Amino acid sequence: SPVYRFVFGGNFSAPWLIGFLALLWVGIAAFFVVKTLSINSKISAVFICGVMVTSRTVTALAATFIHDLDADMFALMLACFAVYLWKEKIFGWWLVGAVALCGSLGLYQSYITVAVVLIALVLMLQLAEGEKFASVAKNAFGGAVMGALGGAMYAVVLKLTPVVASVKFAERGNSVTSIKLLKMSDLPALVAEAYTGWLEHFVNVPTNWAKPPIAAAVNIALILAVPVMAVLVVIK
């Protein structure tokens, strides 16, 4: 993050500059998503851009930690860029993609999930389009190698940074350093809590545009539509 700020923003939080850069990175990330998923419909591309710009992640960051907004969106863009390189098999994709993932992890670790989900979507599309399983498995292995290499780079940088910069990691509950406090016996309860918490939030959505039961009905209808569409695709 200090490296990013040195290049793009300095030590001042200028909301207009942060907003401009954040929209720029989200726009480039949306470009990579559209290209990665081979979306040709302009209307679909517009909706993807709209969802990515107005997501709660973006709006909540802008309302609270706006000084991190552009750097976090840059991390998002790097994750999408890595998957685009993997999908298109551009020369040196595995190394450049790994570096991009390392940079994304360095800025904000959460966006590695974006890369994972995008790769999963591409693999599912390839299977749905009739590509041979061996070829899809090979692509999956390549994505895993790229991710593992990026994670290894991040682990090395994580060890070197405190030494080079002469700073210590923050000992916070949501810091990467809290991993060493995690016990294997805690995992089942934490996994269950993650899903039950998500489901509760998914059904009871805090919103200003409709009454909670209406928002819940819309969300439930959307999530039920997914397996129905999956079955229809398989049948087809």
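Reply: One definition comes before the questions: a disulfide is a pair of cysteine sulfur atoms within 2.5 Å. The model is a predicted one.

Me: How far is the sulfur of C102 from the closest cysteine sulfur?
Reply: A disulfide needs two cysteine sulfur atoms within 2.5 Å. For C102 the closest cysteine sulfur belongs to C80, and the separation is too far for a bond. C102 itself counts as buried, at 14% relative accessibility. The distance from its sulfur to that of C80 is 17 Å.

Me: How many disulfides does the structure hold, and how far from C49 is the nearest cysteine sulfur?
Reply: The number of disulfides in the structure is zero. C49 is accordingly in no disulfide, and the nearest cysteine sulfur is that of C80. The distance is 11 Å.

Me: Is C49 buried or exposed, or partly exposed?
Reply: Buried means under 20% relative accessible area and exposed means over 50%, with partly exposed in between. C49 has a relative accessibility of 33%. C49 therefore counts as partly exposed.

Me: What share of the residues in the protein is buried?
Reply: The protein has 236 residues, and its C-alpha atoms fill a box of roughly 60 × 50 × 45 Å along the principal axes. A residue counts as buried under 20% relative accessible area. Buried residues make up 28%.

Me: Among contacts between residues at least 6 apart in sequence, what share joins residues at least 24 apart?
Reply: The contacts considered here are those between residues at least 6 apart in sequence. Of these, the share that joins residues at least 24 apart is 65%.

Me: Which side chains meet in a salt bridge?
Reply: Side chains of opposite charge can pair when their charged atoms come close. A search of the whole structure finds one salt bridge. Its N to O distance is 2.8 Å, and the side chains that meet are those of D68 and R5.

Me: How far apart in sequence are the parts that the pair of D68 and R5 ties together?
Reply: D68 is partly exposed at a relative accessible area of 23%, and R5 is partly exposed at 21%. D68 lies in helix α5 (residues 66–88) and R5 in helix α1 (residues 2–8), so the pair ties together parts that lie apart in sequence by 63 residues.

Me: What is the relation between the directions of α2 and α3?
Reply: The axes of helix α2 (residues 15–36) and helix α3 (residues 42–54) come within 10 Å and cross at roughly 140 degrees. Angles over 145 degrees would count as roughly antiparallel. α2 passes α3 in a right-handed crossing. The two helices are therefore oblique.

Me: What is the relation between the directions of α2 and α5?
Reply: The axes of α2 and α5 come within 8 Å and cross at roughly 20 degrees. That makes α2, relative to α5, roughly parallel. The crossing of α2 past α5 is left-handed. To restate the relation asked for, it is roughly parallel.

Me: Which residues does V26 touch, not counting residues up to four places away in sequence?
Reply: V26 is in helix α2 and counts as buried at 4% relative accessibility. V26 and F74 are 48 residues apart in sequence, with their C-alpha atoms 7.6 Å apart. The residues that V26 touches are M52, V53 and M73.

Me: With which residues is N139 in contact, leaving aside its neighbours within four places in sequence?
Reply: N139 is in helix α8. At 11% relative accessibility, N139 counts as buried. Its contacts are W86, K89, L123, Q126 and E131.

Me: How far apart in space are A137 and A29, C-alpha to C-alpha?
Reply: A137 is placed in helix α8 (residues 133–165) and is partly exposed, with a relative accessible area of 34%. In sequence, A137 and A29 are 108 residues apart. In space, C-alpha to C-alpha, they are apart by 26 Å.

Conventions
Residues are numbered from 1 along each chain as its sequence is written. This is a predicted model: local features need pLDDT of at least 70, side-chain atom pairs count only at pLDDT 80 or more; totals for chains, interfaces and linings use all residues. Side-chain values use heavy atoms; hydrogens and water are left out. A salt bridge is a side-chain nitrogen of Lys or Arg within 4 Å of a carboxyl oxygen of Asp or Glu. Helices (H or I, at least four residues) and strands (E, at least two) are DSSP runs, numbered from the N terminus. Buried means under 20% relative accessible area, exposed over 50%, partly exposed in between (1.4 Å probe, protein chains only). Axes are lines fitted to C-alpha atoms, for helices over the stretch in contact, and angles run from 0 to 180 degrees between N-to-C directions. Angles under 35 degrees count as roughly parallel, over 145 as roughly antiparallel, 65 to 115 as roughly perpendicular and the rest as oblique. A crossing is left-handed if the near helix is turned anticlockwise from the far one by less than a right angle, and right-handed if clockwise. Contact means heavy atoms within 4.5 Å.
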